Amino acid sequence: MPVEITWWGHATCTLQDTNTRVLTDPLFARRLAHLRRRRGALPPAEARHADVVLVSHLHADHLHLPSLADLAPGTRLLVPRGAPRAVPGLRRLRQARVTEVVPGDQVRVGELLVRVVPALHDGRRLPVGPHRSPALGYVVEGEARTYFAGDTGLFDAMAERVGPVDVALLPVGGWGPYLGAGHLDAGRAARALAGLAPRAAVPVHYGTYWPIGMDAVRPHEFHAPGDEFVRLAAAAAPEVAVHKLGHGESVRLEVAR
């Protein structure tokens with residue numbers, strides 16, 4: 001059975017594996033604070049339907065309460081440990097079944113096993129407050145083993161901590177003209193890909209949101225990361241098939257172990 005991945009923009013993807021729908025870091029907004037969506041239509045209503053939603057960390061472009069409030073009743077929601085305390089609005093999401101997780105946890109969802117892995121990123125809800133939660137990645141194991149990195153920098157033990165995977169959803173940029181620590185640009189993502197050695201990869205987390213009034217500031221950081229990742233990945237990990245998707249586009253992958 002093929003695994004299907006749809007990229008809706010930013011870090012929001014739908015993964016379908018073994019008749020189970022997984023949604024990552026849902027962000028269904030035209031505008032978020034100083035950011036506006038510059039490319040790609042808002043995801044359709046069907047994107048809000050999932051059996052489980054994976055939230056990688058507490059930043060508002062990854063844990064977006066209005067988007068989570070649109071989820072269907074009964075949706076399973078995995079969040080970093082401490083998230084309901086740091087983001088009280090999570091406790092008001094009565095339609096979602098919230099489970100707090102940390103690296104090393106494993107959660108069964110239907111026929112899927114979701115493994116929680118570490119990420120190198122500031123996991124706090126901003127502005128800076130007293131509560132801290134770990135930033136996470138997830139490996140979804142079904143017909144394929146799919147790694148959703150969330151937001152992360154490159155760290156030495158990444159391949160070891162993530163483990164063998166078939167597909168990698170890797171961030172290759174961000175929402176502004178400058179990437180701070182704890183992020184992957186196209187070059188670092190290509191290096192991560194070489195270490196992870198999956199069969200296929202999809203670049204995400206670029207070319208969607210940008211600060212209002214800054215359209216002309218380093219615009220190549222908005223447009224170029226996907227193509228740059230394809231080019232650099234071909235040199236760093238030529239055995240990996242890279243699928244650069246447009247917003248709302250899908251890829252179906254036949255994974256044979």
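Start by selecting T18, which sits in the loop between strands β2 and β3 (20-24). Strands here are DSSP runs of E with at least two residues, helices are runs of H or I with at least four, and both are numbered from the N terminus. Before you go on, know that this is a predicted model: local features need pLDDT of at least 70, side-chain atom pairs count only at pLDDT 80 or more, and totals for chains, interfaces and linings use all residues. Residues are numbered from 1 along each chain as its sequence is written, and side-chain values use heavy atoms, with hydrogens and water left out.

Most residues other than glycine have a negative phi. T18 has 8% relative accessibility, so it counts as buried (buried is under 20% relative accessible area, exposed is over 50%, and partly exposed is in between, using a 1.4 Å probe and protein chains only).

Now click on H10, in the loop between β1 (3-9) and β2. H10 is not a glycine either, yet its phi is positive, about 55 degrees. With a relative accessible area of 2%, H10 is buried.

**Along strand β2**

Next, select T12, which lies in strand β2. T12 is buried, at 1% relative accessibility. Which residues does T12 contact, leaving aside its neighbours within four places in sequence? They are T6, W7, L23, T24, D25, P26, L27 and F28, where contact means heavy atoms within 4.5 Å. Then look for the backbone nitrogen of L27, which lies 3.1 Å from a polar atom of the T12 side chain. This is a polar contact, meaning a pair of N or O atoms within 3.5 Å; within protein, one must be able to donate a hydrogen and the other to accept it, and residues adjacent in sequence count only if both atoms are side-chain atoms.

Follow β2 (residues 12-17) to D17. D17 is buried, at 0% relative accessibility. Its side chain reaches the backbone nitrogen of E143 at 2.8 Å. Beyond four places in sequence, D17 is in contact with V3, L112, G142, E143 and A144.

**Two loop stops**

Jump to A47, in the loop between β5 (35-37) and β6 (52-54). Is A47 buried or exposed? At 0% relative accessibility, it counts as buried. Show its partners, not counting residues up to four places away in sequence: A47 touches W8, T14, R21, L23 and F28.

Then find the loop between β10 (112-118) and β11 (136-141), where G123 lies. G123 is buried, at 4% relative accessibility, and it is in contact with H57, L58, S133 and A135, leaving aside neighbours within four places in sequence. L126 is found in the loop between β10 and β11 too, but L126 is partly exposed, with a relative accessible area of 46%.

**Last stop: helices α4 and α6**

Colour helix α4 (residues 186-196) and helix α6 (residues 225-236): they pack at an angle of about 40 degrees, with their axes 8 Å apart. The axes are lines fitted to C-alpha atoms, for helices over the stretch in contact, and angles run from 0 to 180 degrees between N-to-C directions. To see who meets whom, show A186, G187, A189, A190, L193 and A194 in α4, then P225, E228, F229, L232, A233 and A236 in α6. The residues of this contact divide into ten nonpolar, one polar and one charged (Ala, Val, Leu, Ile, Met, Phe, Trp, Tyr, Cys and Pro count as nonpolar, Asp, Glu, Lys and Arg as charged, and the others, Gly among them, as polar).

Now pick out the buried residues of α4: A186, A189, A190, A192, L193 and L196. Why are they on the same side of α4? Because they cover an arc of only 160 degrees around the axis, the arc being that of the directions from the helix axis to the C-beta atoms. What covers them includes α6, α3 (158-162) and β14 (200-204).

Finish at the two ends. At the start of α4, a side-chain oxygen of D185 reaches to within 3.2 Å of the backbone nitrogen of G187. After α4 comes A197, with a positive phi near 55 degrees.
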